[in-house]
Amino acid sequence: MTDIREASLQHDSSGLPGGVLGQSLPFAMLAACGVWLASIWDQLPLRMPVHWDIHGRPDRIVSRTWYEASFPLLFGAFLCAMLLVLSLLIRRQAPRGAAKQPSLRIVRAAGVLIAAVCCAAVVAMASGGKLFVPAMSVMAAMFVVFAAYAVALFARYRGKDPLRNPSRWRAVFYADRDDPALLVQKRIGIGYTINFGHPAALPLMALLALLPIAGIVAAVLLR
Amino acid sequence: MLSGLTIQCCLVILDNMKVRIDLHGADPVWRQIADQVRAHLVEGRLLPGTRLATVRELALDLGVNHNTVATAYNKLAEEGFLRLVRGVGAEVVEREAPRAAKGDQQRFASRLAALLAEARAAGLSPSVLQSILRNAIGGLS
């Protein structure tokens, strides 16, 4: 029985796509939106729409408070921070391969998309709903651009990396205690999955399960 | 411009330079790694100043324990081929060819004889073995 594996001796000096500037872009967008919001605070309507129905009519209107106005930005910053952690995990804990850079670029693009969507939501709220349709149009356009970017990136690498350690897969789950990689490429589809044999796999799963609960608790406490 | 081309050229060469291991092979994995890197080094494919993949990178790619790769790199560092810097990685260094110690020739001759016998037992003909040896020696010059 043989188990042949191959790896390049080349040192990978590439960091996260775009470097520090590229990675901080979503946070800069959210911060800029926050500064803009603060600068027009006195001109904001005293009652602001924060949710719209399927026909574009506001169905939830709240009083102007800093929490309600900046909630999309805080939520966006939280999601972007999660994506940054995911990027760092892929960078440090996943084996090198053709899928690594496309995956990191997609995660960065997702951060920019989330920041743009949150900024658009703030603009719609701050305008009292007047700019809801233009904001939604920008969001829709950005989704289309993001989807096209993702398809173009992954179409290029598809099938280039061989399946890792075939004997250690059970359906779509991978577990190998001897494998130091926390993240490995999925068996089916695009992206990464957790190596359930890794000592950090269970703590990571627990953290992922706890995060939404922590988010809800934080939202209630801040309200 | 020239240095840029040189760097690019080195990267292309390094990109094609791989380590191939058999997890169930007769030799321990660390030795397989050390032997292959050493072969690249003595054949001049890895030049002084070249930075190799870090222990973490190689271990993640091969799916083996970090200690396995670290043992291989340490062995090569002991032999004077690599300089290991914590947090930076492994760098190829200029190495003066050591003078063969007394008995080295006999020891290597015995190992080679055992390897040739193993190859003959596996069914490789003398002409094939001669060709392999010729190619291997050609790579050293």
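**Briefing: chains A and B of a predicted model**

N165(A) sits in the loop between α4 (132–157) and β4 (169–170) of chain A. Helices (H or I, at least four residues) and strands (E, at least two) are DSSP runs, numbered from the N terminus. This is a predicted model: local features need pLDDT of at least 70, and side-chain atom pairs count only at pLDDT 80 or more, while totals for chains, interfaces and linings use all residues. Residues are numbered from 1 along each chain as its sequence is written, and chains are lettered from A and ligands numbered from 1 in the order in which they are written.

- Phi of N165(A) is positive, at about 45°, although N165(A) is not a glycine.
- N165(A) is partly exposed, with 18 other C-beta atoms within 10 Å. The cut-offs are 20 or more such atoms for buried, 12 or fewer for exposed, and in between for partly exposed, with C-beta atoms placed from the backbone.
- A171(A), also not a glycine, has a positive phi near 55°.
- A171(A) lies in the loop between β4 and β5 (173–174) of chain A.
- A171(A) is exposed: 7 other C-beta atoms lie within 10 Å.
- As background, most residues other than glycine have a negative phi.

**Chain A overall**

- Chain A has five helices and seven strands.
- Along the sequence, their order is β-α-β-β-α-α-α-β-β-β-β-α.
- Taken along the principal axes, the C-alpha atoms of chain A fill a box of roughly 75 × 35 × 35 Å.
- Of the 223 residues in chain A, 26% are buried.
- Among contacts in chain A with a separation of 6 or more, 56% join residues 24 or more positions apart. Two residues are in contact if their C-beta atoms, placed from the backbone, lie within 7 Å.

**Helix pair α1 and α3 in chain A**

- Helix α1 covers residues 19–39 of chain A, and helix α3 covers residues 100–126 of chain A.
- Their axes come within 8 Å and cross at roughly 10°. Axes are lines fitted to C-alpha atoms, for helices over the stretch in contact, and angles run from 0 to 180 degrees between N-to-C directions.
- α1(A) and α3(A) are therefore roughly parallel to each other. Under 35 degrees counts as roughly parallel, over 145 as roughly antiparallel, 65 to 115 as roughly perpendicular and the rest as oblique.
- From α1(A), the contact includes L25(A), P26(A), M29(A), L30(A) and C33(A).
- From α3(A), the contact includes V112(A), I114(A), A115(A), C118(A), C119(A) and V122(A).
- By class, the residues of this contact are 14 nonpolar, three polar and one charged. Ala, Val, Leu, Ile, Met, Phe, Trp, Tyr, Cys and Pro count as nonpolar, Asp, Glu, Lys and Arg as charged, and the others, Gly among them, as polar.

**Chain B overall**

- Chain B has six helices and three strands.
- Along the sequence, the pattern of chain B is α-β-α-α-α-β-β-α-α.
- Buried residues are 23% of the 141 residues in chain B.
- Of the contacts in chain B between residues at least 6 apart in sequence, 49% join residues at least 24 apart.

**Helix α4 in chain B**

- Helix α4 of chain B has 13 residues (residues 66–78) and should span 18 Å at 1.5 Å a residue; its end C-alpha atoms are 18 Å apart, which agrees. The expected span is 1.5 Å times one less than the number of residues.
- Buried residues in α4(B) are T68(B), V69(B), A72(B), Y73(B) and L76(B).
- Seen down the axis of α4(B), its buried residues fall within an arc of 130°, so they line one face of the helix. The arc is that of the directions from the helix axis to the C-beta atoms.
- The buried residues of α4(B) pack against α2 (29–42), α3 (55–62), β2 (82–85) and β3 (89–92) of chain B.
- G80(B) follows α4(B) and has a positive phi, near 90°.

**H66(B)**

- H66(B) lies in helix α4 of chain B.
- H66(B) is partly exposed, with 14 other C-beta atoms within 10 Å.
- Neighbours within four places in sequence aside, H66(B) is in contact with P180(A), V55(B), R56(B) and A59(B).
- H66(B) and F108(B) are 42 residues apart along the chain, and their C-alpha atoms are separated by 30 Å.

**Contact between the chains**

- The contact takes 26 residues from chain B and 21 residues from chain A.
- On the side of chain B that touches chain A, the elements giving two or more residues are α1 (2–16), β1 (18–22) and α3 of chain B.
- α3(B) gives the most to that side, with six residues.
- The side of chain B that touches chain A divides into 13 nonpolar, six polar and seven charged residues.
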